[in-house]
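Thanks for coming. I would like to walk through one model this morning, a few places at a time.

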Amino acid sequence: MTDPGGFAPSNDVKSATAALLDFAASYWRTGNPSVLDHAIDFAETFMQDHGDPRHGAFSHAHAQLWKDRAARSGARADLDTAIDHVTAAIALLRHDPTNDPEMTAEHAAASYASLLRMRFEQRGDHADLDAAIRELRDLLVLDASRLSHSQIRIRNELGTSLIRREELFGELADLHMAIHVLGEAKEHAVDSPMAHELRIASSVLANLGSAYSGLYNRTDDPLLLDRAIEYYNSSVAKTFPREYNRPTRLANLANALQTRYLINKDRKDIDLAVSLARRAVEESPWTGTERSRRLNTYSSMVVTRYTVTSTLSDAVLAIRLGESAIKASPPGQYLRAHVLNAQANRLLVVGSADSFTTMLPALLKLYDEARMAAGCPASDRGKAARNWVRYAACIDLVAALEGVQVAFSLFSAIDWHGMRLADRAAALREWSGFASEAALIALELNLPIVAISVLEQGRNRMWAQIADTRNDFAGRGDSSREDIDRLGAVHAELNLLTVNGDETSDTIARQLPTQRGERLRALNAQRREILATLSKRSLEPPAPEALHSLLAAGPAVIVNVARAKCDALLLRSSDGEFAITRLALPTNEHVIDDRMQAFAKALNMTRAMRHQLLQNRKRGRPGTRTAWAGYQAAIEEQYAILAWAWQSITGPVLQELGYTTSPTAATSWPRVWWSPTGSLVSLPLHATGHHNGSGNAVIDRIVSGNFTSLEDLIRAHNRPHHPHIKKRLLAVSVAAPADSTKTLANVLEEIDVVLENAPIPATRVSGSAATKHEVLRQIREHSWFHFAGHGRGTLTGPTDAALLATDATITLADIAMAIPNDAELAYLSACSSAAADPNHPDETLHLAAAFHMTGFRHVIAARQPIDDAIAKRVASHFYAALRSHLDPGIALHHSLRAMRSDLATEHRTDTLANPLAWIDYSHLGPAGNISANVDP
């Protein structure tokens, strides 16, 4: 008997639904594809016999079966069918809910989100992944004290999707959110013999393993890797022997064990990893989106074992498995670029130097396809693009240079406006050195102007983007007012969302971190659209002709450190003519890296031994012979490296520029601005030379300045100068911040000498009044800023650099948004405020750069930890000199020459007076006087 609509009676539909669920449970337990096929045939036959039952629970169960088939087959049609069925189920369940708590519209919506994530993995459309995360977030019940099975599933799927998105966009917030929701799911996942409950528990554990593995990749913390392995092991133990997800979990465990082997070199880890990866492939169906990943994992395990055993059979097997992985990853699948990169790397591992020429075409083909693989993570494509350039340069420099632009075109997807600084630093680290190698290609083609453009595009992107969003385009004759206003609104919101501090109260700033990322990516899309309608000149690096007025004050020198060669690019302007000279230098990257490591060790040894000897002196002890010998040897090593750099780098440059003698009293000092690359960023070029009275030292020939990029130097040079505006100095001292055990005895006296010598009125903020909030509030109202206190360079990451206020740290992100546009001079008398990070040589991730590139025209800062007694003396010299030389670069030059002379004299009578304590200070900024108008 049928109802008036011609549909099957509800009890028949319920029985059919129950049968489908039983089929599904049987498939989950056994992994038998015939069970799945039979279940789908049963559902299709039921619908043929009875018509569409228009029953929500039936449609959802039907969709789940098609989802499982799609996961197994990898067929687009199967996935589309599953989506059609689950979409119908959602509408039906919302209109006519069931009494079954596990067959709700919420449950079906979670399945829909899962299918969107699968479609992203299959076809690479990022919009599917964002839509899945939004859907799941809307379904999330925030009270996690008692979670239904449906809410556990939602959290599990949300965690999976967030992990995928972190792989795409590199936002650490996505990983942290994934760990949070997966942790909640784990606490409530029931260990039960019921198939669906045990299945969800094992899935949650597997995803937690992936989240912690991803977090390890970002932090290199081995405890996180151990936790990932623990979760992977638990997941495998709870997975049914023939469940179709089991191969993926075996492969994930194998990957984690391989990573641990590469750290600890425990042969048991790699042997077990190979075994697990082989089982994962053996248990995988011949179709499906995951088969490529499992084959690639197995191949990677085997090639790692080959590096241990050098067995030819392992080399052959690894390459064959890699080829199979590529075949199993069709174009459009988001893993394809990763698989292609991995195969190219295997060729490099198993190939010999003799076979490189014959292997090169295969390498280029793999990297070429990977860099062009649409839908794949931009990080994978970027890696391929960089490698393609590297190896193409071996045979065709012109093609390699064209490939550089392909690589840079991927930057906007990898390093997008608004990413948190820590995420950006992690993304950019992989690109370290690429700009210098690309510049060398241009130089070998006799294209120095292109080399400079490449260096501008590939270096200092961190602050350049923030500076871009603070630019005013109102002066552009080819830009409409409407477009300018729209761009300004987008930039304002990008700036707000970039701030990591707690001062913003805007609703958007209080969104979940994952929502923040989605909003930022939407803003970036709007920004690209608006810029497409504006003159392209607006955000391009400056044309060389724009450098004329800047270079009138003196040459700019870029020292390009590449693997094969080291060159100085000399930019000069004379009589209206702009010229670039390439000067080959008698050194290379390997030598420079060795010298910079030795220099860092010498600096650390000097500080450590001097501190020990001073402590002994306070106790009335002479100090050990070892400490004295170590202290003297460390100082001598510094002198030797400064002399080497003069012979190899700065001396030849000054010779080429014609600065061969010290200026006489009647002549003005010539000026040169330096911008080193690679590990050379750690060396104070202004201090290189022989400090023995010979005049063969940089500081005896010229006034040195530093710049992070030409665009930034031009921006500072052209920044509107308002001599009629009255200026004030904010002088801040923090002797003992909350998170430091060391009290600085001389900072109050330093502020005293600053106020005594400063040529403008000042506001003093000291001690408990110098809170983070107060310093940031006051800095907006002052055009000069002097900070005397603790600073720190990197701890766990480059963006940990900060000034230490009384109650909290003032970070790079805090500074970036606090600085007024008419700021003139910042003097950072704090340790490591201009310390370069050797792990990020292309990014000036220090406080001085933050102050300079986001507002202050001139910045004086310390490159290393400094003695507060020395800091007081340098500040006294500087502000006294500033009364005679309102150009901060010239004032610092004369201050350092005076300090060098004073310390050399003191060292002759007191060995513990460090004669090189002056070298740590440097100036960022152009030539030009600063305003010193005084209030009446």
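First, the ground rules. This is a predicted model, in which local features need pLDDT of at least 70 and side-chain atom pairs count only at pLDDT 80 or more, while totals for chains, interfaces and linings use all residues. Residues are numbered from 1 along each chain as its sequence is written, and side-chain values use heavy atoms, with hydrogens and water left out.

Let me start with strand E8, residues 784-789. Helices (H or I, at least four residues) and strands (E, at least two) are DSSP runs, numbered from the N terminus. Six of the six residues of E8 are buried, so the strand is largely enclosed by the rest of the structure. Buried means under 20% relative accessible area, exposed over 50%, and partly exposed in between, with a 1.4 Å probe and protein chains only. Trp 784, His 786 and Ala 788 point one way from E8, and Phe 785, Phe 787 and Gly 789 point the other way.

Which strands does E8 pair with? Pairing here requires that DSSP finds at least two bridges between two strands. Strand E6, residues 729-734, runs parallel to E8 and is joined to it by six bridges. Within that pair, Ser 733 has Ala 788 as its bridge partner. Strand E12, residues 825-829, also pairs with E8 in the parallel sense, over five bridges. There, Phe 787 is partnered by Leu 828.

A separate item is an open sheet of three strands, in the order E9-E10-E11, with antiparallel pairing. E9 (791-792) and E11 (809-811) stand at the edges with a single partner strand each, so one side of each is left without a neighbour in the sheet. E9 and E10, residues 802-804, are joined by two bridges, and Arg 792 stands opposite Ala 802 in E10.

Now helix H22, residues 448-458: its buried residues include Ile 452, Val 454 and Leu 455. Just after H22, Asn 460 takes a positive phi of about 55°.

Val 454 also turns up among the contacts of Val 404, along with Val 389, Phe 434 and Ala 438, leaving aside neighbours within four places in sequence. Contact means heavy atoms within 4.5 Å. Val 404 is one of the residues with the most contacts inside the largest nonpolar core, which has 161 residues. Apart from that core lies another, of 67 residues, among them Val 561, Leu 657, Leu 685 and Ala 881. A nonpolar core is a set of buried Ala, Val, Leu, Ile, Met, Phe, Trp, Tyr and Cys residues joined through side-chain atoms within 4.5 Å.

On to Ser 922, which sits in strand E14, residues 921-924. Ser 922 is buried, with a relative accessible area of 9%. Its C-alpha atom is separated by 7.3 Å from that of Asn 706, 216 residues apart along the chain. Beyond neighbours within four places, Ser 922 is in contact with residues including His 686, Asn 706 and Leu 892.

Last, Arg 701, in the loop between strands E4 (671-676) and E5 (703-706). The side chain of Arg 701 does have a polar atom 3.4 Å from the backbone oxygen of Thr 660.

Methods: A polar contact is a pair of N or O atoms within 3.5 Å; within protein, one must be able to donate a hydrogen and the other to accept it, and residues adjacent in sequence count only if both atoms are side-chain atoms.
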